Amino acid sequence: MKIQFCGAAQEVTGSAHLLTLDNGFTILLDCGLYQGRNKDMKSFNEEWLFKPEQIDCLLLSHAHIDHSGRIPKLVKDGFQSDIISTHATRSLCAIMLLDSAKIQERDAEYYNKRLIRKKKKKKRSKATKAAKLRVPLYTVEDANAAMDLFTGVPYERWFRINEDIEVLFRDAGHILGSASVTLRIQENGKTKTFGFTGDIGRPNRPILRDPLPMPKVDHLICESTYGNKEHEAAPGESDRFLEIITRTCVEKKGKLIIPAFSVGRTQEIVYMLDQMETKGLLPKIPVFVDSPLAVNATTIFGAHPECFDDDLSQYLLIDDNPFGFNELTYVRNVNVSKSLNGISGGAIIISSSGMMNAGRVRHHLANNIDNKKNTLLIVGYCSPNTPGGMLRDGIEKIKLFGEWKMVKADIEIMDSFSAHADRTEIVDFLSNQKKNLKKIYLVHGNLERQEALKAYLKENGFNQEVEIPALGQEFEI
């Protein structure tokens with residue numbers, strides 16, 4: 001059989017890996033959307049390295065859009081087979097893919113309106129004349145059609161996708177419902193084992209259980225997002241977060257803007273604030289979660305306690321709503337969202353998206369980034385070419401909605417909030433694989449970090465061949 005790397009190859013987004021058995025049966029591992037501005041990846045989301053109608057099964061590791069976001073496009077282009085995930089991933093995809101479809105439709109509508117206005121002007125370039133109206137990558141209708149193909153399965157139960165292939169989902173501790181994927185394949189009278197880590201979570205993080213080691217496998221696809229980094233230690237995390245809140249919202253009476261993914265990161269931040277409030281540590285300031293998707297996702301969290309760790313289960317005995325307190329307001333309405341710009345005095349605004357390349361947080365940036373009273377707190381990975389990535393790198397001005405803004409607000413970074421394992425945690429997660437594993441394929445990371453992780457694996461006793469696949473590259477197994 002062979003594996004072809006159709007996404008997240010020397011990139012952090014767009015996860016998609018195609019496994020083809022000797023008998024022609026095809027399994028797609030993830031089907032993610034590319035999120036970034038790399039010109040070389042401009043056509044990635046529109047094109048396929050395979051024929052969607054010929055894929056026999058899609059196994060989905062988790063619901064993040066960089067892993068699931070092209071599924072409606074896959075269905076639109078002819079895929080009609082099973083999409084298999086954990087129950088919680090299926091629940092999250094029901095809201096996340098719909099939200100993504102609405103964004104695709106809105107973006108196309110906005111682009112087309114601007115194009116039509118340009119064409120109506122008397123002086124217009126040949127390029128403008130030739131430009132075509134944009135069609136959404138996919139629509140709400142496509143997202144709904146995709147959800148009809150989903151099947152949810154529990155953790156820790158081997159299930160068959162045909163008579164020769166068994167699959168196991170094991171808790172990866174990354175976001176609600178996230179899983180590593182292990183395949184046991186009967187081929188030519190032999191049993192082969194193949195693994196995909198998905199995104200590896202971190203031990204001792206709030207809300208979710210710790211990631212569990214995978215069964216031993218022969219070949220493994222492994223993520224490498226933080227392959228050259230160690231995260232900030234967790235013990236001082238809450239103290240530092242409280243210090244940033246106090247300095248910004250109490251002392252400077254400014255706004256603390258926290259761009260956060262609607263699923264996972266937002267709930268973790270709210271849970272930490274809830275604990276501070278319960279202990280009487282949180283200043284009496286308004287807190288807003290400004291993301292309809294985050295509101296819906298938080299409801300889904302409450303419906304899947306099978307994913308909670310012991311600490312949250314115990315906390316529920318003293319606080320039956322770990323994602324809500326008196327000063328917290330969940331914002332759905334767009335007019336209420338706009339009104340937050342007029343708030344005077346200290347406030348916390350948590351809004352998506354985490355990379356700041358879409359969503360309501362871009363409006364909050366535009367209205368607050370040039371005020372030195374305010375703070376922008378970055379709490380997760382941002383692709384280099386996104387606004388979040390550029391702000392992490394220390395740019396002095398940023399273009400938002402066609403207008404350049406000077407970066408006068410404080411920029412704080414807390415990678416301890418990351419839901420991705422750092423290099424030490426990756427090695428710990430893989431430690432049971434040292435003896436059996438024949439080859440490791442590193443994905444979901446930029447090349448610099450992948451090369452660093454490859455060297456670090458060697459330093460820590462992994463003597464197997466470690467490959468860093470390029471986009472479209474195939475390997476015989």
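These legends walk through several close-up views of a predicted model.

**View 1. The main nonpolar core and a second one beside the story.**
Let's start with the largest nonpolar core, which has 103 residues. Within this core, Leu183, Phe241 and Leu273 touch the most other members. Helix H3, spanning residues 87–120, gives the most to this core, with seven residues. Take a moment with Phe241: setting aside neighbours within four places in sequence, its contacts include Leu256, Ile258, Ile269, Met272 and Leu273. Met276, Leu377, Met414 and Phe417 are also among the contacts of Phe241. A second, separate core has 23 residues, among them Ala347, Ala366, Leu391 and Leu400. As background, nonpolar side chains tend to be buried together in soluble globular proteins.

The side chains of Glu412 and Arg247 meet with N and O 2.9 Å apart. This pair links distant parts of the chain, with Glu412 in strand E19 and Arg247 in helix H6 (residues 237–251), 165 residues apart. Both Glu412 and Arg247 are buried.

Asp410 belongs to strand E19, while Lys252 sits in the loop between H6 and strand E12 (255–259), 158 residues away in the chain. The salt bridges form a network that links Arg240, Glu243, Arg247, Lys252, Asp410 and Glu412.

**View 2. Glu467 and Lys439, from strand to strand.**
Glu467 and Lys439 form a salt bridge, with their closest N and O atoms 3.7 Å apart. Glu467 lies in strand E21 (residues 465–467) and Lys439 in strand E20 (residues 439–443), so the pair links parts of the chain 28 residues apart. Both Glu467 and Lys439 are buried.

Find Asp422 in the loop between strand E19 (410–413) and helix H13 (423–430). Why does this buried residue have no salt bridge? The nearest side chain of opposite charge, Arg202, is 4.5 Å away, whereas a salt bridge needs the atoms within 4 Å. A polar atom of the Asp422 side chain does lie 3.0 Å from the backbone nitrogen of His231. Not counting residues up to four places away in sequence, Asp422 touches Tyr226, Lys229, Glu230 and His231.

**View 3. Asn296 on helix H8.**
Asn296 is part of helix H8 (residues 292–302) and is partly exposed, with a relative accessible area of 27%. Beyond residues up to four places away in sequence, Asn296 touches Ile95 and Arg332. Although Asn296 and Ile95 are 201 residues apart in sequence, their C-alpha atoms are 7.3 Å apart in space. With Arg332, Asn296 makes a side-chain to side-chain polar contact of 2.9 Å.

**View 4. Cysteines without disulfides.**
How many disulfides does the model have? The count comes to zero. Cys57 is buried, at 2% relative accessibility. For Cys382, the closest cysteine sulfur is in Cys249, 20 Å away and too far for a bond. Cys382 is buried as well, at 5% relative accessibility.

Note on methods
Residues numbered from 1 in each chain as written. Predicted model: local features only at pLDDT ≥ 70, side-chain atom pairs only at ≥ 80, totals over all residues. Heavy atoms only, no water. Helix = DSSP H or I, 4+ residues; strand = E, 2+ residues; numbered from the N terminus. Buried < 20%, exposed > 50% of the residue type's maximum accessible area, 1.4 Å probe, protein only. Lys, Arg positive; Asp, Glu negative; His and termini not counted. Polar contact = N/O pair within 3.5 Å; in protein donor to acceptor, adjacent residues only side chain to side chain. Contact = heavy atoms within 4.5 Å. Core = buried A, V, L, I, M, F, W, Y, C linked by side-chain atoms within 4.5 Å. Disulfide = S-S within 2.5 Å.
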